[in-house]
Amino acid sequence: MSLATESAPEHDGVELTARHDPRVALAKSSNRRRRLAYAGLTPFAAYVLIFLALPTILAVVTGFFSDDGSLTFDNVTGLFTPTILATFGSSFWLSGVSAVIGSVVGALICYAMLGTRVGGVLRTIIESAASVLAQFGGVMLAFAFIATIGVQGLVTVILRDTFGVDIFADGVWLYQVPGLILPYVYFQVPLMVITFLPALTALRPQWAEANATLGGTRFAYWRYIAGPVLAPAFLGSLLLLFANAFSSFATAAALISQGSQIVPLQIRAALVSETVLGRENMAGALALGMIVVMVVVMWAYSVLQSRTSRWQR
Amino acid sequence: MTAALTESSTTTAPTTGATVQLNSVVKTFAGQTALNSIDLEVAPGELVALLGPSGCGKTTALRSISGLESIDSGRILIDGENVAETPTNKRDIGMVFQAYSLFPHMTVLENVEFGLKMRKVAPARRRERALETLDMVGLTKYRERFAHQLSGGQQQRVALARALVTRPRVLLLDEPLSALDAKVRVQLREEIRRIQTELGITTVFVTHDQEEALAVADRVAVMRDGRIEQIGTPEQLYATPTNAFVADFVGLSNRMPAELIDGQVHLHGCTLTLLGGPMPDGPVLALVRPEDIALATAGIAGTVISSSFLGSLRRTRVRLNDGAVVAVQHEVERRPLPGDVVTVQLKGAPVSALPSEQKK
Amino acid sequence: MSANVAAPVPPVETVSTRAKPANQAVRIGAEPSALTRRLILGIIGAIFLIPVIAMIEFTFRNGLAGDYTVGHWTGLFSEDSARTYRGLYQAIGNSLVLAAVTVGIVLVLLLPTMVLVHMQFPRLKRTLEFICIIPITVPAIVLVVGLAPIYSVVVQVLGGSTWTLAFAYGITVLPYAYRAIQSNLDAIPVTTLSEAASTLGAGWLTVLWTILLPNLRRGVLAASFISIAVVLGEFTIASLLNRRNLQTALLQVSQSDPWVAVIFALFALALAFVLLLIIGRLGSATPSRRKS
C-alpha cells in the first residue's frame with residue numbers, strides 16, 4: 001500500500017510499486033553514478049594528501065617543536081635573530097634584483113616579438129628556448145657560469161688577456177650572493193618571456209589604430225594605452241619572478257657548497273649539518289617563514305592576474 | 001584646416017564637411033589586388049556607404065582613407081589635400097571600428113576625452129566637450145563605467161562619441177554594427193544617421209548588409225573585386241542596377257529564363273525594358289524583383305512551395321509550370337499553403353539580365 | 001564602373017608610388033620595426049648563447065695545459081669509460097626511470113581526475129586548479145623538510161630505491177602538467193561533444209575513450225614532455241633526501257672530472273630543447289578555430 005497521498009503512478013493501466021517506478025529507478029541509478037564519480041576522485045585526493053598536504057603541514061609544524069618533542073616558540077623567534085634576518089634580507093635582495101632585471105629584459109624580448117606570426121619559425125624557437133632555459137637551473141647552470149665567468153672561465157680569460165680587465169681583481173664574487181645574480185637572471189628572463197608574452201600579444205590592434213585615428217603618436221599609445229593596460233600583467237610577472245628566485249635552491253647549492261647566505265641554503269644547513277645554532281627544527285621554522293613570504297607574494301600575483309584577465313576579455 | 005576646437009561655438013552647428021576623393025587608388029596585398037584603381041568622390045556632409053561581399057575591397061578602401069593601410073599608387077584627397085603620405089594621426093579623421101576598440105582601462109568619459117587630450121586641450125575644457133558629445137549619443141549617465149560593463153550597442157555608441165569629439169572633417173565607420181544584435185543594429189544605424197546629419201560630417205560607411213546601406217546612406221557604392229560596380233542613391237541602385245551583380249546584390253531578385261530580342265526582354269508573354277548596358281540578343285536570365293510579380297487571377301500557373309510571414313508582407317515561393325521557382329511578394333491577407341495552385345503575373349517593371357550560360 | 005560619379009575626375013598628374021610599402025603597424029606603434037626587432041633579439045640572443053658556448057669550449061680544454069683536445073668526448077666511448085662513469089650512468093638510468101614513473105603518475109592520476117572534474121564536477125574546477133598551483137607556493141626546498149619523515153615510511157613499505165622519489169616529483173610537476181592539459185581541455189567543447197555522443201547512444205566510457213582522449217593528445221603529450229624536462233633537471237629533493245639522480249651525480253662527478261660533467265649537462269640541455277621544441281610544434285600544428 002503506497003504511503004503517498006497522490007495516486008500511485010500507472011503504466012499501461014497497471015499500478016506501479018516503488019520498485020518498478022521508473023522515476024525512482026532513474027534517481028537511484030544516477031545516485032549510484034554520482035557516488036561512483038566521487039569515488040573516482042579519491043586516488044588523486046589521497047595522493048595529494050599524502051605527498052603535498054602532509055609534508056607541508058609537517059614542514060610547518062616541526063618548527064614549533066624542539067628536539068625533545070616539546071612545543072616551543074624558540075625556533076620561530078629564532079627567525080628574528082640578526083643572522084637569520086640577514087639571510088632573509090639577502091634572499092629578498094637577490095630575488096628582487098634578479099626579478100627586476102629579468103622582467104625588464106624579458107619584456108624587451110616580448111616587445112621585439114610583437115607582430116611575429118604565431119606558430120611561425122621565430123616564435124616557436126624563442127618559445128621553446130624560453131621553456132628550456134626557464135628549467136635550466138641548478139647544477140647545469142652553475143657549470144655554465146663557472147665555464148663562462150669562473151676563475152678560468154671563457155669570458156674571464158678573454159677579458160683578462162684581450163682587454164686587460166680582471167673581473168675578479170677585488171676577490172672572487174662568483175661563489176657568493178652577488179655571483180648568483182647572473183645565473184638567476186639567466187633563468188628569470190625566459191620565465192618572464194613565458195609569463196608576459198600572452199599579455200603582450202593580447203593587446204588588440206584596434207587600440208593602436210584607434211589611438212592613431214584620435215591623433216596620438218606612438219609614444220602616446222605606449223604611455224596612455226598599452227603601458228597602463230600591461231602594467232598589472234608586468235607587475236604580476238615581476239612578482240612571479242621574485243617568487244621563483246626566492247624559492248630557488250639548486251643553483252645556489254651548486255655554486256656555494258658551504259654556507260647559508262640565503263634562506264634555502266639555510267634550510268640545507270639545518271637539514272644536513274648536526275647543529276645549526278643548536279636547533280634542528282630550525283628547518284621547519286625557516287620553511288614556515290618561506291611559506292609566509294610565498295603566500296603573500298602569490299596572493300598579490302593572483303590579484304593582479306584577475307585585473308589583467310578582466311581587460312583581456 | 002579643422003574648425004577651431006578651443007572656441008566655445010555651439011557644438012551641434014554643422015561643420016563645413018570636407019570633400020573626400022580617391023583617385024585611381026591601387027593597393028595590392030601579396031600579389032592579390034585589393035583595390036583596382038578606385039575612383040570615388042564624397043561631397044561635403046554626404047554619407048556614402050561602401051557595400052559589397054567580403055573581400056571586395058571596401059574595408060581596404062576605408063582604411064586607405066584613414067591611413068591605416070598604405071596605398072601603392074593613386075591619390076587620396078581630403079579637402080583637396082593629398083594625404084596619402086600623411087600619417088594617420090595627422091589626418092584629422094574620426095574612425096569607428098567593428099569591435100574591441102574602446103580602451104579597457106579608461107572610463108567611458110576618459111575614452112571620449114582621448115582625442116582632445118591628444119590635441120592638448122585643457123582638462124576642464126575637454127571634459128566639458130566630451131560630456132556634450134557623450135550626451136549626443138545618450139550615454140551621459142554611463143560616463144564613469146568601463147567598457148566591459150557596457151553592452152555591445154553601448155560600446156559602439158561610446159566609440160562613436162569618441163570619434164566625433166574632435167569634430168573631425170571625415171568620419172569613417174568600419175562595419176560598426178556587424179557585431180551587434182539585429183534590433184540594436186536598426187536602432188543604432190538610425191542614431192548614427194541622425195547625428196551625422198546634424199553635424200554635417202562627411203562620412204564613409206562600410207557594410208556588407210545591403211539593407212543597412214540602403215537605409216542609411218545618401219549614396220551607395222557597390223564594390224566587387226576591388227572595383228566600384230555602381231555608385232548611386234539607394235533608389236537608383238535598387239530600381240536601375242547597371243549590371244547583374246548589383247541587381248543581384250541589392251535586394252532580392254528572381255532569375256527567370258527569358259529571350260532578349262532587339263534589346264527587349266521577352267518573358268512569359270510580356271515585353272520588358274532591359275536595364276543596364278546593351279547585351280547581345282539571345283537567351284538570358286531575367287532578374288525580376290519579388291514585388292514586381294503579383295498573385296493574380298490570370299497569368300502563369302504554378303504551385304506554392306512555401307510561404308513566409310515577414311510582418312508587413314508575405315513572400316511566397318512558387319514553382320511555375322516551366323519549372324522555374326520564383327519568390328512573390330504580396331500582402332499578408334492572402335495566405336497560400338504549400339501545394340496550392342496559384343497564378344502569378346509580371347507587373348511589367350524593367351529588369352536586368354544575365355547571359356544565360358553564365359552562372360554568377 | 002564609376003558611371004554615376006557626378007563630377008568628371010581630372011586626370012591624375014602625379015602617381016605616388018612607394019618603393020617599399022611602409023608597414024602601417026610599425027608606424028602606429030603596434031609593432032617594433034624590423035631593425036629594432038633584430039637588434040633586441042640579436043643582442044640578447046647572443047648574450048644568452050655565451051654560457052652555452054663557454055660550456056662547449058670548456059669540454060674541449062685539455063686540463064690546465066692551455067690547449068685543446070677531443071679527449072673528453074672520445075673518452076666517453078672508450079672501454080674503461082663504462083667502469084669509470086658507472087655511477088653516472090646509473091644515475092642517468094635512475095633519472096630516466098623517475099621521469100617515466102612521474103609521467104605515469106600524471107597520466108594515471110592527474111589526467112583522469114581532470115577529465116572527471118571537467119565533465120562531472122565543474123564546480124570543483126577552481127579547487128583543483130588551486131591544488132595544482134600550490135606547489136609553486138610551497139617550493140621543493142620547503143616540501144622536502146616535510147618529506148623526510150614521509151619517505152622514511154615509504155622506504156619501509158617500498159624499499160629504499162630511487163624510483164620512489166617519483167611520488168614527490170608528481171607533485172612538483174603538477175603546475176606545469178595541469179596547465180598543459182587544462183589548456184587543451186578548454187580548447188575542446190567537452191560538454192557539447194559528450195552530450196552529442198550520448199544522444200547518439202554512447203556510454204560514458206565510450207565517450208571518454210573514443211572522443212575525449214584522442215582530442216587530448218596534444219595536452220597529454222605536452223604535459224608528459226614538460227614533466228620529463230622538469231624531472232631530469234630536479235636537484236633539490238634528490239639531494240636533500242640523499243638519493244642519486246642525474247643532477248646530484250653531475251655535481252659529484254664535476255669534482256673529479258668536470259669535463260664529463262659539462263658534456264652530460266650539454267646533452268641534458270639538448271634533450272630538453274628537443275622535447276620542448278616538439279611541444280611547441282605540437283601546439284601550432286593543431287588548426288586554430290577561426291572566430292566567426
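The following questions and answers look at domains and contacts in a predicted model.

Trainee: How many residues of chain A are in contact with chain B, and which helix of chain A gives the most to that side?
Mentor: The contact joins 18 residues of chain A to 18 residues of chain B. On the side of chain A, the elements that give two or more residues are α8 (205–213), α9 (218–246) and α12 (282–311). Of the contributions to that side, the one that counts the most is 6 residues, and it comes from α8(A).

Trainee: How do the residues on the side of chain A that touches chain B divide by class?
Mentor: Each residue of that side is sorted as nonpolar, polar or charged, and the division comes to 9 nonpolar, 5 polar and 4 charged. The number asked for in the nonpolar class is therefore read directly, with Ala, Val and Leu among the residues that count as nonpolar. The division is 9 nonpolar, 5 polar and 4 charged.

Trainee: Are α5(A) and α2(C) roughly parallel or roughly perpendicular to each other?
Mentor: Helix α5 (residues 138–149) of chain A packs against helix α2 (residues 34–59) of chain C with the axes 8 Å apart and at an angle of about 80°. Angles of 65 to 115 degrees count as roughly perpendicular, and α5(A) and α2(C) are therefore roughly perpendicular.

Trainee: Which residues of α5(A) meet α2(C), and how many residues of that contact are charged?
Mentor: From α5(A) come Phe143(A), Ala144(A), Phe145(A), Ala147(A) and Thr148(A), and among the residues they meet in α2(C) are Ile50(C), Pro51(C) and Phe58(C). By class, the residues of this contact divide into 10 nonpolar and 1 polar, and the number of charged residues is none.

Trainee: What distance separates the centres of the two domains of chain C?
Mentor: The domain assignment gives domain 1 (31–69) and domain 2 (87–284) in chain C. In the contact between them, 4 residues of domain 1 of chain C face 5 residues of domain 2 of chain C. Taken over C-alpha atoms, the centres of these domains are separated by 31 Å.

Trainee: What distance separates the centres of the two domains of chain B?
Mentor: Chain B is divided into domain 1 (20–239) and domain 2 (252–355). With the centres taken over C-alpha atoms, the separation between these domains of chain B is 38 Å.

Conventions:
Residues numbered from 1 in each chain as written. Chains lettered and ligands numbered in written order. Predicted model: local features only at pLDDT ≥ 70, side-chain atom pairs only at ≥ 80, totals over all residues. Domains from an automatic or database assignment. Contact = placed C-beta atoms within 7 Å. Helix = DSSP H or I, 4+ residues; strand = E, 2+ residues; numbered from the N terminus. Axes fitted to C-alpha atoms, helices over the stretch in contact; angles between N-to-C directions. Parallel < 35°, antiparallel > 145°, perpendicular 65-115°, else oblique.
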